[in-house]
Amino acid sequence: MTETQLNDWAKTFQRDGFVVSKKLFDDEEIGALLRYATADDRLGADAYTRNDSTGAKSKLALWNDLAEDSPYAAIARSNRVVKTMEQLLNDEVYHYHHKMMLKEPKVGGAWEWHQDYGYWYNFGCLYPDMGSCLLAVDRATRENGCLQVLRGSHKLGRINHGTTGEQMGAEQERVDEARQRHELVHCELSPGDALFFHGNLLHCSSRNESDYSRWSLICCYNTRHNDPFITGGRHPNYSPLEQWSDEKVRSILLERDCESRPSHSNETNEGIL
Ligand SMILES: O=C(O)CCC(=O)C(=O)O
């Protein structure tokens, strides 16, 4: 991607709190990741569920570490994701964690309206200068519960969060007010598209009512100047992130295609986002 494109994305991100990069990963790369993930027994074993307010189950597997041989981790290190995030957040970023969101057909639960910084504030991050890249692994539509965002809501600042079901949700009164003033956008994505979004952007997703799964890989980053003031928190403190070239990540994805026995770290981080 060119400097001009990155600058345009940074402007959109500042205004809207999110920006979409179409086909950040091409069909071959994302197809390989989907086949790998589908055959990845460890993913099923690592995954845990969070009940939404109706009791429907939202399933995810989350890693704080970047295992050398994990294709999910390779994407989290990839130059095309990390360099973009650095441009959007205007600082060096480091890996905070990454997770596979597994929203299964018919049963995959909703995620309540929240800001990621509503969670991360509690882990010693002083500033909301943090962001996530959601990579669509298979198609995300309204029917299978794509992410919904309120355009520009990152400018509201941090809203108090309480517990709803087994998740945290932003204070309802403020969400209702924000919905009157900020456009609701359903982020329908094709496999390989990436949505970069700010830590304070209000977002949610509905239950998966369709016959199709909605899997996505979300890579979360913190800025170097925002190293948490506590150590040993839920997610890591600053350490430099080794970025991998797009060619290297591509070859890892294609090599791992259809391997059913990955050996990436078994660290599970049972709990909150
Ligand atoms: O994947 C989803 O549907 C929602 C994920 C989300 O809101 C989050 O990880 O913060």
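Author: A residue is near a molecule if its C-beta atom, placed from the backbone, lies within 6 Å of it. This is a predicted model, where local features need pLDDT of at least 70, side-chain atom pairs count only at pLDDT 80 or more, and totals for chains, interfaces and linings use all residues. Residues are numbered from 1 along each chain as its sequence is written.

Reader: Which residues come nearest to the ligand?
Author: There are 11 residues around the ligand. By type the shell holds five nonpolar (Ala, Val, Leu, Ile, Met, Phe, Trp, Tyr, Cys, Pro), two charged (Asp, Glu, Lys, Arg) and four polar, the others with Gly among them. Strands (DSSP E runs of at least two residues) β4 (93-103), β12 (203-205) and β13 (214-223) each supply at least two of the shell residues. Those that come nearest are Met101, Trp111, Asp116, Ser205 and Ile218.

Reader: Which strands stand at the edges of the open sheet of four strands?
Author: The sheet runs in the order β5-β12-β7-β10, with antiparallel pairing (at least two DSSP bridges per pair). Two of its strands each have a single partner, so one side of each is left without a neighbour in the sheet. Those edge strands are β5 (111-114) and β10 (184-186).

Reader: Which residues of helix α5 does α1 meet?
Author: Helices here are DSSP H or I runs of at least four residues, and a contact puts C-beta atoms, placed from the backbone, within 7 Å. On the α1 side we have Leu6, Trp9, Ala10 and Phe13. The contact residues divide into five nonpolar, two polar and no charged. Over in α5, the partners are Thr84, Gln87 and Leu88.

Notes:
Two residues are in contact if their C-beta atoms, placed from the backbone, lie within 7 Å.
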